[in-house]
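Trainee: I'd like a close look at one single part of this protein. Could you walk me through it slowly?

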Amino acid sequence: MNAIANRQFRLAARPIGLPKASDWTLVEEPVREPGDNEFLVRVEYVSLDPAMRGWMNEGKSYVPPVGIGEVMRAGGAGEVIASKHPGFPVGSKVAGLFGVQEYALSNGKGVQRVDTALAPLPTYLGVLGMTGMTAYFGLLDVGAAKEGDTVVVSGAAGAVGTVVGQVAKIKGCRVVGIAGGAAKCRWLVDELGFDAAIDYKSGDVRKALREHCPKGIDVYFDNVGGEILDIALSQLAMHARVVICGAISQYNATEGVKGPSNYLSLLVNRARMQGMVVFDYAPRYGEAAREMGLWLAQGKLTSREDIVAGFDTFPDALLKLFRGENTGKLLLKIG
């Protein structure tokens, strides 16, 4: 194998507030040949996720933080171009935690071969990847959504929110999305089939929730945290389930996380609030992928990717998440 130059974005400093250019170092180094039971992936797409902001912080979390000087952790998908691993021959399309780099060496741990004859490669970082797994298990296992429930999802036009809403509709629920901007809200209703959408940028969210959820919220799937979570807690139905998936409104806070003041609604309504981390469901990913793959094939589930081209654009592309500029799954296309 001829020497290949690999570009990587490494974490240079722990961000205060929004990540800035000086928090990253762009490094170029040669890639070594795969050893026994290893293979080399040419990364084609990098997944950009709100969770990445939490991985940059030092402190206890569900996974260790990215170390200073380490390649930034990220999901990715691409093609095996060199291999000494019997399970991943050259030409295989794969998805895994490859990091923000153009090439990745792997021993196969946590990597899945994917079939691009069934779905395009970007879909395996969206609906058929961690995004879809998060929505599926968060809604159906943690949220225990069932037919007839009223489901409200914040960050509804984002990667996870769009899948949560669609799966809830498939399961016979009434679905209300909260998103930023009239265009996103129209898309949720007109194209994804949500029953209603609330524009938090221009409307009274509390009033709109009372209007669209007259019997209260049975399942609240939270991707945002902050004030929106607090408002949703005040509108819970009896025995409601609140799924804490993310809190993008708080990830760049410099004065501490704003917690909910309406938590006593959980007591009054005999409700529960539970956090979820998708990695806990790894043994069951196949179950979710099979069902959602069928829904995709049947046209019941729509996959939308928001793709930014160019490896060098990574630092600014990541910020699209926190500026609310993406619709659907945000991806970085390399090459």
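Where is the place of D306?

Mentor: Quick ground rules before we zoom in. This is a predicted model, where local features need pLDDT of at least 70, side-chain atom pairs count only at pLDDT 80 or more, and totals for chains, interfaces and linings use all residues. Residues are numbered from 1 along each chain as its sequence is written, and side-chain values use heavy atoms, with hydrogens and water left out.

Now, D306 sits in strand β14, residues 305–309 (strands are DSSP runs of E, at least two residues, numbered from the N terminus). D306 counts as buried because its relative accessibility is 18% (buried means under 20% relative accessible area, with a 1.4 Å probe and protein chains only). Who does D306 touch? Leaving aside residues up to four places away in sequence, D306 is in contact with K320, E325, N326, T327, K329, L330 and L331 (contact means heavy atoms within 4.5 Å).

Let's zoom out. The protein is split into domain 1 (5–126 + 303–333) and domain 2 (130–279), with bounds from an automatic or database domain assignment. Their contact takes 20 residues from domain 1 and 14 residues from domain 2. About 1,400 Å² is buried between domain 1 and domain 2, and carbon and sulfur atoms give 61% of that area (buried area is the accessible area, 1.4 Å probe, that two parts lose on being put together, summed over both). As for salt bridges between domain 1 and domain 2, the count is zero (a side-chain nitrogen of Lys or Arg within 4 Å of a carboxyl oxygen of Asp or Glu). Finally, the C-alpha centres of domain 1 and domain 2 are 28 Å apart.

Note on methods:
Helix = DSSP H or I, 4+ residues; strand = E, 2+ residues; numbered from the N terminus. Buried < 20%, exposed > 50% of the residue type's maximum accessible area, 1.4 Å probe, protein only.
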